[in-house]
Amino acid sequence: IIGGRPASPRDHTHMVMIGYGDADDKHWLCGGSLISSKFVLSAAHCTTPSKWGKPRWARMGDLDLSSRTEDARPQERMIIEHYNHPEYKEPAVYHDIAIYKLNNDVTMTDWVSPICLHTSTEFPVSDVIVTGWGRTDFVSETSPVLMEVEIGLYNDSECKKLMDKTGGTKLPRGIDSRIMVCAGVSQGGKDACSGDSGGPLIIETSKCSKVQIGITSIGRECGLPNSPGVYTRISHYIPWIESVVWPQ
């Protein structure tokens, strides 16, 4: 997270770290969000094997990886299955959404609980928050502490104008506003970054204290001016999420 601040304890109880590697050598490379006692939402591009293989671990309820004394009560589970959206085809980032199934239910506590998912295409507010343990600038290491930053939603036409020229193999058709939403600050300096992928873009509402509207997917470097981050738009995928997590 670029330009952010350390998150407060018990403020993002849905946050999940996604780990790779062996039990005694875990590498936390992506984020995710807890959506039920056994399922985690993340980005499909996080399921591509790293040099430590596929994602194998989910860690809930943590705040600072480098400390055992902070106000946190971590729980770890193994990822036993992952479901990428059927239309996700790398290297493009369209339909960049995945669901991880855990080996055992997590225990709901003051530190660990699921997040609400946004079901409407409209957003009631334009202020959004993105969180993660990713890099705090484009060249630094990832952060041991969960960071958060407040940014703003871009309207679809503005985002297309700024990001369509990015193109390349990741966005060959430019921005698809049905399935993507953009957020950032026009002057730059506040953004998600490498290592934040798969984590949630959230709004705060009166009904649910935290509601997830997006999944951190792709950006042009991190925190550049006029270069919003691109997030998978959750509302488009509610039927698919329900079919995996809550099948009839």
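**Exercise 1. Find the two domains and how far apart their centres lie.**

Start with the division of the protein chain: domain 1 covers 15–114 + 238–246 and domain 2 covers 115–235, with bounds from an automatic or database domain assignment. This is a predicted model, in which local features need pLDDT of at least 70, side-chain atom pairs count only at pLDDT 80 or more, and totals for chains, interfaces and linings use all residues. Residues are numbered from 1 along each chain as its sequence is written, and side-chain values use heavy atoms, leaving out hydrogens and water. Next, take the centres over C-alpha atoms: they are 18 Å apart.

**Exercise 2. Work out how much area the domains bury between them, and which residues of domain 1 lose the most.**

First, contact (heavy atoms within 4.5 Å) links 31 residues of domain 1 with 34 residues of domain 2. Then turn to buried area, the accessible area (1.4 Å probe) that two parts lose on being put together, summed over both. The two domains bury about 2400 Å², with 66% of it on carbon and sulfur atoms. In domain 1, Met 15, Tyr 94 and Ile 238 lose the most area to domain 2, together 30% of what that side buries.

**Exercise 3. Identify which elements of domain 1 touch domain 2.**

Strands E2 (15–22), E3 (25–34) and E4 (39–42), along with helix H2 (238–245), each supply at least two residues of the side touching domain 2. Finally, pick out the top contributor: E3 gives the most, with 6 residues.

Methods
Helix = DSSP H or I, 4+ residues; strand = E, 2+ residues; numbered from the N terminus.
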